[in-house]
Amino acid sequence: MPYSLMWLILVAPLVAFALMFGLTYENKRVSAWLGIIAVAVADAVSIAALFSELQHPIHVQYGLGPFGDFLTFADVHFSIGILADPLSAMMVVVVCSVSLLVQVYSLEYMRGEEGFVRYYGFISLFTFSMLLLVLSTNYFQTYIGWELVGVCSYLLIGHYFKRPAAAAAAKKAFIVTRFGDFPFFVGIAFIFFRFHTHMGGAADLDFYAISGLYKTGLVSQAGLFVMAMLVFSGAVGKSAQFPLHVWLPDAMEGPTPISALIHAATMVVAGVYLVARTYPLFAANPSSLAVVASIGALTSVMAAIWAVAQDDIKRVIAYSTLSHLGLMMFGLGVGAYSAAMFHLFTHAWFKALLFLGAGSVIHGVHTQNIWEMGGLGKRMKITAWTVGIASFSAAGIIPFSGFWSKDGIMASVFASQNPVFIAAAVAITFFSALYTFRLFFVVFTGEPARRRAFDPKKIHESGAYITVPLVVLAILAAFIGFTGIPGSKQGFGQFIFYGQHPETEAVNFIAIGVSLVVALVGLGVAALFYWPRFQRFSAPALNARYARVYDWSHNNGYFDEIYQAFFVRGLVLRTAAAASWFDKNIIDSYVDGLAEGYQLASGRLRRLQSGRVQGYAVGLFAGVLVITVLALVFGSGGHLS
Amino acid sequence: MSNSVVYSIAFYVLAVVTLTAGVMTVTLRNIVHAALALITTFFFIAWMYLLLNADLLWVAQLLIYAGAIPVLIVFAIMLTRRSMSDTSNPESSSSGWAALIAAGVFAVLVVVLMPAAWPVGHYPDQLKGTTAIIGAELVNRYAVPFEVVSVLLLVGLIGAVVLARREEQD
Amino acid sequence: MSIGYIGLNHFLAVSAGLFAIGIYGLLSRRNAISLLMSVELMFNAANIALVAFARFGYHDAQPLAGQAFALFVITIAAAEVAVAIAILLLIYRLRGTVWVDEIDLMRW
């Protein structure tokens, strides 16, 4: 059984991190390969665990050595352990594999960059933290991993911290997610206090032990709703859902492989994973699921629209990620648990591939503006082909992986018969195809719209360290979808599902048909605007005609400006000013007054310390005398009898 | 005169002389005079021990308190203050408090000690001397304290030598 | 029990008086040697009480315990005087004074 070896998954990256910063910091080659070998070991163990789960789905969990009793006092018992079930097995494979590919990719991409070992060290630390989160057995451990990945995200976004934009983006990512993490923490405390006395021997906050308690009536429906919303707040922050989505596009200031690893495949899906992991809580309160679905749909639609108007290649993909994360939340909200998890699974591969492909392009042309690219297909064949596969997959076109997973969600949305949701789903599908292929056509076909800073002949395909991960990911992005064909008896839905039995929904051909047609329409529109061979319409003309819509979309719905004006200037700065005033005038004067009082009193009192032994003797005998007199007057039986 | 009257007269004379000498010890402004008054006090206390049938202590008091310790003190006086002036032993600023506290302590002691019902024993009249009894007690019942005190004396001796010795000039 | 007109309380009164005199000396003199002498007075006051108790509270089971105790007190007092005078000389050598109100190194 590989389950007893699963501690290796956690320990290997952590050891690599410690070694890199402790021993091999000066040696780039050794450090990088250390990280790669460590994550390869973790990956091997996770794949073994996944196959073991596939053969015999089972829930195993155990304390991680001495950390099994991480904190124990009175009747409180916090534990750090390893949880193996189909969901976590799937997630660890995703995390380890993407981390492995990204680290191999970075060998070339980050070659000669400043802080190379720091970069690898933090990737190892991030991998460890993410795995700690994924393998968590309880809310407590999840929160530790949650904050650790947040820190790693901060450190890696700010890798080029000498660039003000990167430093600001790192800070923004950290602070904005904090708005979600704080309610999440409150939620954990809420859950702890409500269920603490009902754990029945399990560690406090244990997922599996608590999952049976939500529906027992210990907490009212209103309480469950609050609980679910507090937990969901954490997911909203981490998975960049509306209204805390603003940090993710800025996070693209980090190195591109980091965007692939953290801000596409792994960390940002932690929120989705959290909702899936605590699904019994949401399932116990239908209105909380409705909120999840609404937030997810709103995020997804808005991000998909904004993605169409972006000029930066990484920002397009970032909004695409936002949109897909919203879609996963949407799916969870409408009850498509298996499909949402399947989409998480497929999305990891094709989105990592999109980012790494974009990285390859940026590596080749040294710009991120898509209008300065164009026609790269001839010079970067492997990149073009792999990004093409990723685009088909992301747009949800048969038979690539994104199609199969998106289809499951579509089926559930259609089954909900909610017209708003159905419209949203259709819009998401359309815009996904539109922005994805807009990107593809602009970057890889035709000629650059603007003059390139580079001689086109110097542009060439990237090296093997970059192309091999691209090809591996392309194979996965192309074919992994077949593991979850709707209606199959052996598919993903039979492996990861919520409840006692797999969801046995009939194949919804209407949903399949609509989503496929809409996606193809989106592709067609993209071709008509951006593929030179079929171009019929001018995008700039359209943009000019509907300038307001374009500006709104181009500027991400002005959310940054609104937050800046309302929260930062209106709320935060004013609160800070008030707090500053309070601190200076009330706290300080209190403290200063106290200090002055003591100084004054001690200045007088210290004169008692004359240093003259006779004075002390006077005090001593006077004291004895007073005490004796008091004892004689008030004492009972001071005399010998 | 009966024995009791003689005894009473002896006690009162001794008490008055002892206390007077004691008061002089702490009030004389010349330190040498004060030391002489101290010797006088110790001397008469020795006779008071004799009134209490403590012949061994009588001798010990005469030898040690009225003999050895005053010598030490006089040496100390000579080594510290060369003059025998009338200001060699002035009063400090706290003398008012000192008088008050001394009076208070005296009052409290009298109030506590006088009315107390002390255990009463019967002194054997045929006892001619106490030396034999105390000697036997010291080597039997008080053997351990006796040895400890002897070590203490040794420590005191060595300590005094070490403290008072001048630092050797290397 | 008493010897003629004189009883235990008479001796205790002398003892208390001597003790109070010692306290006065201890608290009022400036010369450290005088302080030492006052302490000796207090020792003797205690000794008088002890010997008086030995006389008037004689007990066959533990004969003359007070006198034995007084002997120990005398011995310890002798040791104390020796050490105290040594310390005093040392202070005098270092500070040039035996005035206790001038020895205030531990002053604020």
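## Close-up views of a predicted three-chain model

View 1. Of the 170 residues of chain B, 30% count as buried, a residue being buried if 20 or more other C-beta atoms, placed from the backbone, lie within 10 Å of its own. This is a predicted model, in which local features need pLDDT of at least 70 and side-chain atom pairs count only at pLDDT 80 or more, while totals for chains, interfaces and linings use all residues. Residues are numbered from 1 along each chain as its sequence is written, and chains are lettered from A, with ligands numbered from 1, in the order in which they are written. Chain B holds 6 helices and 0 strands, where helices are DSSP runs of H or I with at least four residues, strands are runs of E with at least two, and both are numbered from the N terminus. Among contacts in chain B between residues at least 6 apart in sequence, 61% join residues at least 24 apart, two residues being in contact if their C-beta atoms, placed from the backbone, lie within 7 Å.

**View 2. Chain C where it touches chain B.** The elements of chain C run β-β-α-α-α from the N terminus on, and buried residues make up 58% of its 108 residues. The contact takes 65 residues from chain C and 78 residues from chain B. On the side of chain C, the elements that give two or more residues are α1 (8-28), α2 (32-56) and α3 (65-95), and the largest share, 20 residues, comes from α3(C). That side of chain C divides into 46 nonpolar, 14 polar and 5 charged residues, with Ala, Val, Leu, Ile, Met, Phe, Trp, Tyr, Cys and Pro counted as nonpolar, Asp, Glu, Lys and Arg as charged, and the others, Gly among them, as polar.

**View 3. Chain B where it touches chain A.** This contact takes 14 residues from chain B and 13 residues from chain A. By class, the side of chain B that touches chain A has 11 nonpolar, 3 polar and no charged residues.

**View 4. Helices α14 and α18 of chain A.** Helix α14 (residues 313-333) and helix α18 (residues 419-444) of chain A pack at an angle of about 160°, with their axes 11 Å apart; axes are lines fitted to C-alpha atoms over the stretch in contact, and angles run from 0 to 180 degrees between N-to-C directions. The two helices are therefore roughly antiparallel to each other, a term used for angles over 145 degrees. The contact is made by residues including A:I313, A:V316 and A:L327 of α14(A), and A:I428, A:Y435 and A:V443 of α18(A). By class, this contact has 7 nonpolar, 4 polar and no charged residues.

**View 5. Helix α8 of chain A and its surroundings.** Helix α8 (residues 221-238) of chain A has 18 residues and reaches 26 Å from its first C-alpha to its last, close to the 26 Å expected at 1.5 Å a residue, the expected span being 1.5 Å times one less than the number of residues. Its buried residues, among them A:L224, A:M227 and A:F232, pack against α5 (139-157), α6 (164-195), α11 (270-277), α12 (279-283) and α13 (286-307) of chain A. The helix is followed by A:A240, whose phi is positive, near 55°.

**View 6. A:H263 in helix α10 of chain A.** A:H263 lies in helix α10 (residues 256-265) of chain A and is buried, with 29 other C-beta atoms within 10 Å. Leaving aside its neighbours within four places in sequence, A:H263 is in contact with A:L248, A:A251, A:V268, A:A318 and A:T321.

Methods:
Angles under 35 degrees count as roughly parallel, over 145 as roughly antiparallel, 65 to 115 as roughly perpendicular and the rest as oblique. A residue is buried if 20 or more other C-beta atoms lie within 10 Å of its own, exposed if 12 or fewer, and partly exposed in between; C-beta atoms are placed from the backbone.
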